[in-house]
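Hi everyone, thanks for coming.

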Amino acid sequence: MIELLKELIKIKSDTKEGANDALLFCARWLEEHGEAVEVHDNKGFLMLTAQKGQGSEKLVWNGHVDVVPGHDEQFTPMEELGRLYGRGSADMKAGVAAMMQAFIELDPDQLEREVHLHIVTDEEIGGHNTSEWLVSQGHSGNFVICGEPTGLKVGLQSKGILHMDMVFKGKPAHGSRPWEGVNAIEQAMKYHMAMGELPFRKESTEYYEQPSVNLAIINAGKRYNVVPELCEMSYDIRFMPGQDPKEITNQMVELGETLGIDFDYKSSSSTTPALTTTADNPYIQTLQESIRSNTGNDPVLFGQHGAADTRYYAAVNGGEGAIEFGPSGDDWHGNAEYVEISSVHEYKDILVTHALS
């Protein structure tokens, strides 16, 4: 399995073509180990599916072989002190290698459910052409594990995404006589400072202290000697399970009206929902048992701040039943990305135990 991981790291899969090469490598490896594989093509993005077992339940393992760009030397795997360094070692070729090894080790006659393996090639750019496409074609399940690096902790929830674009309006005037105008930048600053007191900002849940609000884009002003008439600001808001993006939008609009600020706004029409799996989910219960039996440690449940391909699978189950769970590593997307080799073995064993539970 670790040799498989090293071979995957060697494939420079930070482009569409490279990711497709890595996908085809995975398909050949699985076929060489006796598995039936179907390779799908959507708009030139390749993905594969494989399945075994029987029963009314479907368990899906999802992994991606595409990586963010890295330095050339990062595509030469280096093993040191129990760590394997390289681009994609943690995010998430280790998860893919473990899922592939676990899949070939499963005896279909011992399975009381179907286990499906999905390997995709565009998660790092949104997953729209592969994981989202697979779900649209009916490839989903009762419970889905995306093997993102979580340190063997269970990311059972994630925040939703709301994008809010705002245009604050002022009144232009000569820069030497600012009192004759209304500075749109100052209007935007006034709004932003007051936004921290909105009710949705002060809410919390079992897994989150607060929602995430990032002032991501600002654009205003063209000349020193002109009071700016317009200021454009864009917010990236990650709301918690239980929060309503429409209510968040309403609070933001009402704030501007209360402050007497002239503005236009546009909230994202395709809001990404929060994922809401809870600890009493039966698959979470059996996964925790599998973690205990294979590691001797008590499982840790947590909420992810960002989004992954889990969102597409959860969408067909009312926001539930798709989680992030993977090996231990660090510095993914960084120059010193690595995975803990021992955790890859533990992860593989947990997957097998969980599938058979």
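**A sheet and its helices**

Let's begin with strand S9, residues 160-169, which is joined by 10 bridges to the antiparallel strand S11, residues 230-239. Please keep in mind that this is a predicted model. Along that pairing, His 163 sits opposite Asp 236 of S11.

The open sheet has four strands with antiparallel pairing, ordered S10-S11-S9-S12. Which strands stand at the edges? They are S10 (212-220) and S12 (263-267); each has a single partner strand, so one side of each lacks a neighbour in the sheet. On average, neighbouring strands here are turned by 15 degrees against each other, direction ignored.

Two helices come next. Helix H5, residues 184-195, packs on the sheet and touches S9, S10 and S11, with its direction at about 20 degrees to that of S11. Helix H6, residues 245-259, lies across S9, S11 and S12, at about 20 degrees to S9.

For the annotation, an unreviewed UniProt entry places "domain: Peptidase M20 dimerisation" at residues 158-255. That stretch is 23% helix and 31% strand.

On to the aromatics, where the structure holds seven pairs. One of them is Tyr 85 with Tyr 338, tilted, with 5.3 Å between centres and 50 degrees between planes. These two are 253 residues apart, Tyr 85 in strand S5 and Tyr 338 in strand S17. Tyr 85 is buried at 18% relative accessible area, and Tyr 338 is buried at 11%.

Finally, Phe 168, Tyr 191, Phe 263 and Tyr 265 make up one aromatic cluster. Within it, Phe 263 is buried, whereas Tyr 265 is partly exposed.

Methods: Residues are numbered from 1 along each chain as its sequence is written. This is a predicted model: local features need pLDDT of at least 70, side-chain atom pairs count only at pLDDT 80 or more; totals for chains, interfaces and linings use all residues. Side-chain values use heavy atoms; hydrogens and water are left out. Two strands pair if DSSP finds at least two bridges between them. Axes are lines fitted to C-alpha atoms, for helices over the stretch in contact, and angles run from 0 to 180 degrees between N-to-C directions. Contact means heavy atoms within 4.5 Å. UniProt positions are given in the numbering used here, feature names are shortened, and annotations may be inferred rather than shown by experiment. Rings of Phe, Tyr and Trp (its six-membered ring) pair if their centres lie within 6.5 Å; planes under 30 degrees apart count as stacked, over 60 as edge-to-face and the rest as tilted. Buried means under 20% relative accessible area, exposed over 50%, partly exposed in between (1.4 Å probe, protein chains only).
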